[in-house]
Amino acid sequence: MKITNKHGLPQAIVNAVSAYNYPPKEGRYSVTDLISPPQIRQLKIKHWDEIEEDASGRLWALLGQACHAVLDFTSPADSMSEQKMAIEFEGVTISGKSDLYHEGSLEDYKITSTFSFLLENGKPKKEWAEQLNVYAWMFTKLGKPVTELWIRAILRDFQASKAGTDSNYPLIPFQSVSVPLWTLEGQERYIRARLEAHKALNPTCSGEERWLRVSSWAVMKNDNKRAFRVFDNKEQAENLAKTDKAFSVAERKGSYNRCMSYCPVSNFCSQWGKEKKETEAI
C-alpha cells in the first residue's frame, strides 16, 4: 500500500501515519481483520501493492494512536496494557493487541465523534461488542479470566455549550459504555462463523458492512432549509404534504458511505464498480 501526501502534510505526520502499515496474510487474522468484511480483506491481499491511501485520511487514527501511547505509559502498575497476543485456532492464527486488562476488566479506548455516540443512543456498536468479545476469548485462552467489558470513549468534537441543554448530550467529553460479555461458547461460535465467512470465494459486502444510509423523504415548508418532517416512507411524506400547500417533498437518496469515502479497496471492487456504473447511467 502506498501512502500519498496530496495535501502537503508535514513529513513527520506522514511518517507517523505510514507506520504499522502491514498487509494481511493468508492463515493469519488480526482481530480487526476477523470482524471486518471478508471482501475487503481478500481485495487487500490481492491488490496490496496497488492500493493508495492519502495521509490526510489517517489523521483521526493518528490521534487515536497518540492517545493509546500516553494511556499505555500511565496504565496501572498491575495491569496488562497494549498486550500483544496470538492464538492458534483450527488451523489459523488469530492475533491482536488489547488496550487494557485490569483485575478481570477488559477495556478498549475509542476516540470518536459525539454524533456517532448519540447515534447509538449510548449503546455499544455491534463491532465494539464483537471486537471486545474476541479479545476476551483470547485472554481466557491465556488463563486470564474476563468478567466485564468496557468501551472508554473520548469524544473528540464535544461542545460544552450543548452540555446540559439536551438530555441526550454528554456532560463531559468522555463516556463509559458497558459491553455485554458473551459466554466462551458464544465467542467461539462467532469466531468460527467469521472464519467461515472469510473462506468464501468472491464474497460481497452487506448493506450493514457498507454503512448503508437508506433513502428518506423530507417534507419541506416554504423556503426553510430544515425539514419539517422526515420519513423513511415516500407515501407518508406525500400524505403529509397534501395537508398544506406550503409543503413539498424532497427525496434524500440513500448511499453506501463506506464504499463512497472510507473503503481502501473500492477502486478494485466489482460490486461497487457495477453499482457506480448503473447509477451514472440513470
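A salt bridge is here a side-chain nitrogen of Lys or Arg within 4 Å of a carboxyl oxygen of Asp or Glu. The model is predicted, so local features need pLDDT of at least 70 and side-chain atom pairs count only at pLDDT 80 or more, whereas totals for chains, interfaces and linings use all residues. Residues are numbered from 1 along each chain as its sequence is written, and side-chain values use heavy atoms, with hydrogens and water left out.

View 1. Glutamate 130 is buried because its relative accessible area is 7%, while lysine 126, at 47%, is partly exposed (buried means under 20% relative accessible area, exposed over 50%, partly exposed in between, with a 1.4 Å probe and protein chains only).

**View 2. Glutamate 90 and arginine 192 form a salt bridge.** Their closest N and O atoms are 2.6 Å apart. This pair links distant parts of the chain, with glutamate 90 in the loop between strand E4 (80-89) and E5 and arginine 192 in helix H7 (residues 184-199), 102 residues apart. Arginine 192 counts as partly exposed because its relative accessibility is 35%. Salt bridges that share partners join Glu90, Lys141, Glu188 and Arg192 into one network, and a search of the whole structure finds 12 salt bridges.

**View 3. Arginine 41 takes part in a salt bridge and also sits over an aromatic ring.** Aspartate 33 forms a salt bridge with arginine 41, the closest N and O atoms being 3.9 Å apart, and both of these residues are buried. The charged end of arginine 41 sits over the ring of tyrosine 29, 4.0 Å from the ring centre (a charge sits over a ring if NZ of Lys or CZ of Arg is within 6 Å of the ring centre and within 35 degrees of the ring normal). Elsewhere, arginine 156 lies over the face of tryptophan 60, at 4.1 Å from the ring centre.

**View 4. Tyrosine 101 and phenylalanine 139 form a stacked aromatic pair.** Rings of Phe, Tyr and Trp (its six-membered ring) pair if their centres lie within 6.5 Å, and planes under 30 degrees apart count as stacked, over 60 as edge-to-face and the rest as tilted; by this rule the count comes to six aromatic pairs. The rings of tyrosine 101 and phenylalanine 139 are 4.7 Å apart centre to centre, with 15° between the planes. Tyrosine 101 lies in strand E5 (residues 92-102) and phenylalanine 139 in helix H6 (residues 126-141), so the pair ties together parts that are 38 residues apart in sequence. Tyrosine 101 counts as buried at 9% relative accessibility, and phenylalanine 139 counts as buried at 0%.

**View 5. Tryptophan 182 and tyrosine 190 form an edge-to-face aromatic pair.** The ring centres are 5.5 Å apart, with 65° between the planes. Tryptophan 182 is partly exposed, with a relative accessible area of 28%, whereas tyrosine 190 is buried, with a relative accessible area of 13%.

Definitions and conventions. Helix = DSSP H or I, 4+ residues; strand = E, 2+ residues; numbered from the N terminus.
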